[in-house]
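Here are a few exercises to work through with the structure open beside you. Try each task before reading its solution.

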Amino acid sequence: MNVVTPFEGIGASVRRKEDVRFLSGRGQYTDDINRPGQAHAWILRSQHAHARIQGIDTAAAAAMPGVVAIYTSADLAAIGGLPCGWQIHNKDGSPMAEPKHPVLAEGKVRHVGDPIAVVIAETRAQARDAAEAIIVDFEVLPAVSQTTAALAADAPRVHDDVAGNLCYDWHIGDKGAVDAAFAAAAHRVVFETTNQRLVPNAMEPRCAVGDYDTTTGEHTLFTTSQNPHVIRLLMGAFVLQIPEAKLRVVAPDVGGGFGSKIYHYAEEAIVTWAAAKLGRAVKWTADRTEAFMSDAHGRDHVTRAELALDKEGTFLGLRVLTHANMGAYLSTFAPCVPTYLYATLLAGVYSTPAIYAEVKAVFTHTVPVDAYRGAGRPEATYLLERLVDVAAKQCGFDRVKLRRRNFIATDAFPYQTPVALQYDSGDYFSTLDQALKTADWAGFEARRAEARMRGKLRGIGISTYLEACGIAPSAVVGSLGARAGLYEVGVIRVHPTGSVTVLTGAHSHGQGHETTFAQLVADKLGVPIANVDIVHGDTAKVPFGMGTYGSRSLAVGGSAMDKAMDKIIAKAKRIAAHLMEASVEDVEFERGTFRVAGTDKTKTLTDVSLAAYVPHNYPIDEIEPGLEETAFYDPKNFTYPGGCHIAEVEIEMETGRVSMVNFTAVDDVGRVINPMIVEGQVQGGVAQGIGQALLEACVYDQDGQLMSGSMMDYTMPRADDLAPVSVATHTTLCTHNPLGVKGCGEVGAIGSPPAVINAVVDALRDYGVEHIEMPATAPKIWSIIHGKSV
Amino acid sequence: MYDFAYHKPASVADAVKLLAADPDAKPISGGHTLLPALKHRLNKPSALVDLSGIAEMKGIRREGNSLIIGALTKHVEVAKSDVVKAAIPALAYMASHIGDNQVRNRGTIGGSVSNNDPAADYPAAVLGLGATIHTSKRKIAADDFFQGMFTTALEEGEILVAIEFPIPEKAGYAKLKNPASRYVMAGAFISKGPAGLRVAINGAGPCVFRQSDMEAALGRNWSADAVAGVKQSADGLNSDIHGSAEYRAHLVTVMAKRAVAAAG
């Protein structure tokens, strides 16, 4: 019997169904999967940033105990390189440079960690032992790791056929209009900054298990992926030439991704290929050291921005030049990050009438860079929100008033920006007002004075931001170079006794989908969430799917479910009409109950589902038995969450150490399904944003050696680095999806870094500081306070 | 890690014998430095001699004006010991701030001092209190024990058995942690007592060292202000992506001030 409690539907903070297994150590992660007869792979990786491979001698290694096989690129001649999923075009219309990304290095290694050979052995330790016995004859070559240095005329080339290491030179916006705006401006403000490279560091390192059924010719890949169907498509079609029907990709429980598990990686292709070649399963699991040098990194922009303002502070024009580091090869979605996920966001929440941005993407001898929580939008938001603060300071405007003056008016939606996007809804004034009040902005100066008595410099910073997520309309992204559609798939299967299985192409790796999606079903069909099972992450079970990233799961995947539920209700109404001997037009449905309008004649969803599967009294000539529907939902637009983040920090004057003392987030994420999960998502995102602002930096030396290759040197944020985060929402509904939802996965990481840096700069206001680069570490701040060079 | 033999002797004598018989064997106690090195294949001992079963290397006791701590004593045991808290509260405080819970429940004082990591905590207490190292064959004064980065006066096969701390009139410790590793960026352990007036600096240089200018200043005037005026030279100090030598030199003075204030 389906009895829904009112507390399980949309808006209820129900506890996460999946947490019982996660918190009790009973999750099933890829590394928990072991296949009969499984062998183990170890990847020999380059210790050089750039070298020519003169020869590889595997003879001694092959003779080591337990070794099953050793493969190098010579063995992979028949398979393709790793494909790139997005093609950007240069200003002149020509396509970007797209050098081959071999599965194993061909002739050259191009970054520390570049895979050279794979050893497969009976145990992982034996494979590793043998890998150490492989002799590679390297001719070490000069390398370049820094974005701007790579463009120098005499810089070492990453790819022989890519002149000047330039992947593309792209632009967007109206250059003429911006030039005119600057000519007419009363104020022109210049701001230069680096958005530093980050290492995603999901808690679970990547893992892949390849299996092959010699009797059926079926390949199976278990992998730590955010999007198993995408991996099946990319690897099957472009790398290994395996038809979909013969390739199953399973992404079971996945311990965090943050973007780094979107991409198709070499190791997935290696274990799948080797399993078929050897006729036995092959497993590879990264250790943390490998994660640092083989997971796609994030950010890494160098930017110069100029803002034109009139006398009163109205923004007239914005001009941006960004150099984006792609690393040594193009990761799956790398080219779109600094273009369509970045430059299109440069209007932010402001009605700047003219914007022109140029982006030069460059190759360097470093790990490939791709989308990392927020992907392009944190870079745009950071640039804009720091620039507004710099402008306020330079031109003498109040930073809050300057923002408010330039906000897009609440009645101006839909609002067309000068950089392609059309925002459907938002209310930036309300999120600002609510945040100012919650953070007690007005009372800050008293807190600053009190802190000064304790030897602390206290600062407060604000960021009013917007992002575009719920990606994305397939036709739009296709016209912009995407080589995929970005719809989502939902299947609703109502079982005979009324419980429901949902198949979704979205993939949960920490987001709580098993709960949130069940709440959608509870709300609409009236089925208790305990009777709703969410199935994801297996191409053999789910028809298709584009996966989870870009805060799209609910906006796109949830909408697909909603659409499928509409189909269920439509069919079920016809069945109910038959059972109640009424006209279908007279049947109403609400949360599990069908009613003949204006009467007390009712049937439950269970009555209907039972009839559908046991069709004794059933209009069999008119309606097929069964109650299962599939919907593909292609979004009409991006969704546009936004809001206001306020950070408050204290700096210890003696050491320069920054402490977060308070953080306020007021976000508009559209309709909220589970407030507790939204709060958790925002808190996690803010933690990563604080990490970028104060702690994290992936550092390469000039020669391309990774200086921050372990947790000893890469500063991940910990609980005591963070502040209490106050999370609130102020909702305007998305106007173009059926749920009115916008997405909450990335807002925390997007809105927070500039708020934190604005607070640090504010704390240092007496020292004439205009800017401090991320991460704002203690030595950097100490050098400002004490007038030393860093 | 590579394969190795494993021994678990029950006495110091047996442990010494095992180590003497195999020059490539290594002693292990909490394993907080050695195990990660083994996992990363940075170290390839033929055998591990696990000291954890040796009763004579355990325990905390007060003998007259000395506190004697067995080498196998875990950080958490020092931190929570009423004997330590009563005799040298600064030492208990230090132990309670080493690493995290997991580290404090595995790591041992003997392992930390024998390893002499420049960014470890305990060497500063040993040098700053003028302790005496008891080994399997002799006693070594702290001033002679720490010889350089990861280098001590311990000879091959010699085992640190216990550390004897003279109980000071007052002592204090302060440090700034490396934000990533949470090891010491710069720290100061300062004491006044039977071993004299001592200022030991850890984290900042390649090896823990005594800051004699600060000792002199405190001798003239025991106060935080006295050390505040003493500048540490940046020459020879550590410099890395987390902080320059100049920054660390500055921190030495700040931490010394705080250590004096903590000592009271």
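A salt bridge here is a side-chain nitrogen of Lys or Arg within 4 Å of a carboxyl oxygen of Asp or Glu. Keep in mind that the model is predicted.

**Exercise 1.** Find how many salt bridges cross the interface of chain A and chain B, and check one of them against the cut-off.

*Solution.* Start with the count: the rule finds 7 salt bridges across this interface. Next, take A:Glu652 and B:Arg258, whose closest N and O atoms are 3.3 Å apart. The cut-off is 4 Å, so the pair A:Glu652 and B:Arg258 qualifies as a salt bridge. Polar contacts can be counted too: 15 residue pairs, both partners at pLDDT 80 or more, link chain A and chain B in this way.

**Exercise 2.** Work out which elements of chain A give two or more residues to the side that touches chain B, and describe that side by class.

*Solution.* The elements are H3 and helix H18 (778-785) of chain A. Of the elements, H3(A) gives the most, with 4 residues. By class, this side of chain A has 9 nonpolar, 6 polar and 11 charged residues.

**Exercise 3.** Explain why the buried residues of H3(A) line one face of the helix, and say what they pack against.

*Solution.* First list them: in helix H3 (residues 124-132) of chain A, the buried residues are A:Ala127, A:Arg128, A:Ala130 and A:Ala131. Looking down the axis of H3(A), they fall within an arc of 165°, so they line one face. Finally, their packing partners include strand S1 (39-45) and strand S5 (115-121) of chain A, as well as helix H2 (34-39) of chain B.

Technical notes:
Residues numbered from 1 in each chain as written. Chains lettered and ligands numbered in written order. Predicted model: local features only at pLDDT ≥ 70, side-chain atom pairs only at ≥ 80, totals over all residues. Heavy atoms only, no water. Buried < 20%, exposed > 50% of the residue type's maximum accessible area, 1.4 Å probe, protein only. Arc of directions from axis to C-beta. Contact = heavy atoms within 4.5 Å. Polar contact = N/O pair within 3.5 Å; in protein donor to acceptor, adjacent residues only side chain to side chain. Nonpolar A, V, L, I, M, F, W, Y, C, P; charged D, E, K, R; others polar.
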